[in-house]
Amino acid sequence: MYKKTIYQKIWESHCVKKLEKEEILLYIDLHLLHEINTPQAFESLYNKKIAIRRPDKTLATEDHNTPTTSVFDIDKDTSTWTQIRLLRENCSKYGIEQNKLGEHNQGITHVIAPEQGRILPGSTVVCCDSHTTTHGAFGALAFGIGTSQVEHVLATQTLRAIPFRSMCIQVNKQLSKGISAKDLALAIINQIGTGGGQGYVIEYRGDAIKSLSMEQRMTLCNMSVEAGASAGIISPDEKTIEYLKKALALKGVHIEQKIIDTWLSYATDADALFDKYIEIDASTVRNRITWGTNPSQSIPIGDHIPFIKNIKNSSDNIATIQALKYMGLNEGQNISTLKITNVFIGSCTNGRIEDLRIVAEILKNNKVHHDVHMLIVPGSMAVLRQAIDEGLDKIFENAGADFRALSGCSLCVGLNTDKLSANKRVVSTSNRNFEGRQGAGVRTHIASPAIAAASAVRGFISTPADIGK
């Protein structure tokens, strides 16, 4: 019998029709919307007098350029308010469920969908946002699409698609204590490069992956696109089921065993073949941080920035020279000597309750350095409520951190007033560090919540073990 990967099982079960060559019509189970990239699609459908095919399989939220200070700040920027107003009008017109800024279920697209039990094993999920790969943590085939494709999905609940290639990243052994999925993701991207996963669906497998919590799995799958992958995915297991049971129980939904059995049946078969294999020894992964302007330019904390002469690939060599200039760094410099001005905790990568707990554990007996502004933005209003219930907000306040009362993408994407001014050096738990991502001239170092929190305390790039030195 032909052994199949989870990607192959989902692809075949969602094929509505075969088109020319390898292209197919792929059925979409869930379509996520936000305010930035949707107005054009709705306008086009309205002009063509085409209805939304399945409003019940569409979920909208406001997150990208929304304020994190107060809902009353929403109309202070004309373009922000216009995009949000259009999303609200279109969702109301077509009967699409929407989560408005500050409402009970509002938050970052890729945080609220899982916590509301909307991402199911064996399903297909799309959104006009590259970090839709996050949802692969649940055994879903989830990937970003373009604005014209948004229109196609709204009109037909299908997508014209061509097959991806499959890559297995086998992560053996276990991560050491204090090493997170963010460190693992940065290590993988450093090894295969920002284009190493181009055209592939990456499936993460191995003992280290099984040991990750669902929130850590989401972080890993979220960063898949930073390696150029079309999607990241992890086969469902008992951890997946337990997470979904809790999420759906909050909505009064009980999952029958036959549904659970169906979900688990999507897991990759033993001996299934992939187009490419990569092995990682989890025990060798250390706390990492980026030094350059793309996520592959990272090193372990305490190590030295690479010497240009040691980089043999010509394009990487040029990229290194450009990155060092923008970041204001020298080759061979010790990354731990860098003084920082800002720390950002949040985003669809690391804005969940587990991330905030890690930060609180480090801050509870420490203060944020007097030269550092530490911004903490919860990934959803549910995360905010949980943080308050656990008293994390008081820990943040007592430590001198700026904990926001609204959820949103915030400083990750730099589209709202949270963006920084030139030459600020920020340790960020977000996913991208290209030039100007968090504001023109801002120097961004991507790291885990633990590294970001420790750096906030010391005022230099640090690990938790460095506190007190």
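Visitor: Where does lysine 49 lie?
Guide: This is a predicted model, and in it lysine 49 lies in the loop between H2 and strand E4, which covers residues 58-61. Its phi is near 60°, a positive value in a residue other than glycine.

Visitor: And is lysine 49 buried or exposed?
Guide: Lysine 49 has a relative accessible area of 78%, and because exposed means over 50%, lysine 49 counts as exposed.

Visitor: What about glutamine 157, where is that and is it buried or exposed?
Guide: Glutamine 157 lies in the loop between helix H5 (147-156) and strand E8 (158-161), and with a relative accessible area of 1% glutamine 157 is buried. Phi of glutamine 157 is near 60°, a positive value in a residue other than glycine.

Visitor: Changing topic to rings, how many aromatic pairs are there?
Guide: A search of the whole structure finds eight aromatic pairs. In one of them, phenylalanine 42 and tyrosine 94, the ring centres are 5.7 Å apart and the planes make an angle of 20°, so this pair is stacked; the cut-off for that word is planes under 30 degrees apart.

Visitor: Which residues form an aromatic cluster?
Guide: Tyr7, Trp11, Phe143 and Phe164 form one aromatic cluster.

Visitor: Where does the charged end of lysine 93 sit?
Guide: The charged end of lysine 93 sits over the ring of tyrosine 46, at 4.4 Å from the centre of that ring. There is also arginine 165, which lies over the face of tyrosine 200 at 4.3 Å from the ring centre.

Visitor: Okay, sheets next. What is the strand order in the open sheet of four strands?
Guide: The order is E11-E10-E9-E12, and the pairing is parallel. Strand E11 (231-233) and strand E12 (276-281) are the edge strands, each of which pairs on one side only, and the twist from one strand to the next averages 20°.

Visitor: How many bridges pair E9 with E10?
Guide: Strand E9 (residues 165-172) and strand E10 (residues 200-205) pair over six bridges, in the parallel sense, and methionine 167 stands opposite isoleucine 202 in E10. Helix H6 (residues 181-192) packs on the sheet, where H6 touches E9, E10 and E12, and the direction of H6 makes about 130° with that of E12.

Visitor: What holds paired strands together, in general?
Guide: Strands of a sheet pair through backbone hydrogen bonds, and the pairing can be either parallel or antiparallel.

Visitor: Back to E9, then: is serine 166 buried or exposed?
Guide: Serine 166, which is found in strand E9, has a relative accessibility of 7% and therefore counts as buried. Leaving aside residues up to four places away in sequence, serine 166 touches Tyr200, Val201, Leu273, Phe274, Asp275 and Lys276.

Visitor: What about E15 and E16, how many bridges join them?
Guide: Four bridges join E15 to E16, and these two strands run parallel; asparagine 342 stands opposite histidine 373 in E16. E16 also pairs with strand E17 (residues 402-403), in the parallel sense over two bridges, and there isoleucine 376 has phenylalanine 403 in E17 as its bridge partner.

Visitor: How many residues does the largest nonpolar core have?
Guide: The largest nonpolar core has 53 residues, and those with the most contacts inside it are Val343, Leu356, Leu363, Met374, Ile376 and Phe396. Among the elements giving two or more residues to this core are strand E15 (342-345), helix H13 (353-363) and strand E16 (373-376). Apart from it lies another core, of 52 residues, among them Leu30, Cys127, Ile169 and Met218.

Conventions: Residues are numbered from 1 along each chain as its sequence is written. This is a predicted model: local features need pLDDT of at least 70, side-chain atom pairs count only at pLDDT 80 or more; totals for chains, interfaces and linings use all residues. Side-chain values use heavy atoms; hydrogens and water are left out. Rings of Phe, Tyr and Trp (its six-membered ring) pair if their centres lie within 6.5 Å; planes under 30 degrees apart count as stacked, over 60 as edge-to-face and the rest as tilted. A charge sits over a ring if NZ of Lys or CZ of Arg is within 6 Å of the ring centre and within 35 degrees of the ring normal. A nonpolar core is a set of buried Ala, Val, Leu, Ile, Met, Phe, Trp, Tyr and Cys residues joined through side-chain atoms within 4.5 Å. Buried means under 20% relative accessible area, exposed over 50%, partly exposed in between (1.4 Å probe, protein chains only). Two strands pair if DSSP finds at least two bridges between them. Axes are lines fitted to C-alpha atoms, for helices over the stretch in contact, and angles run from 0 to 180 degrees between N-to-C directions. Contact means heavy atoms within 4.5 Å.
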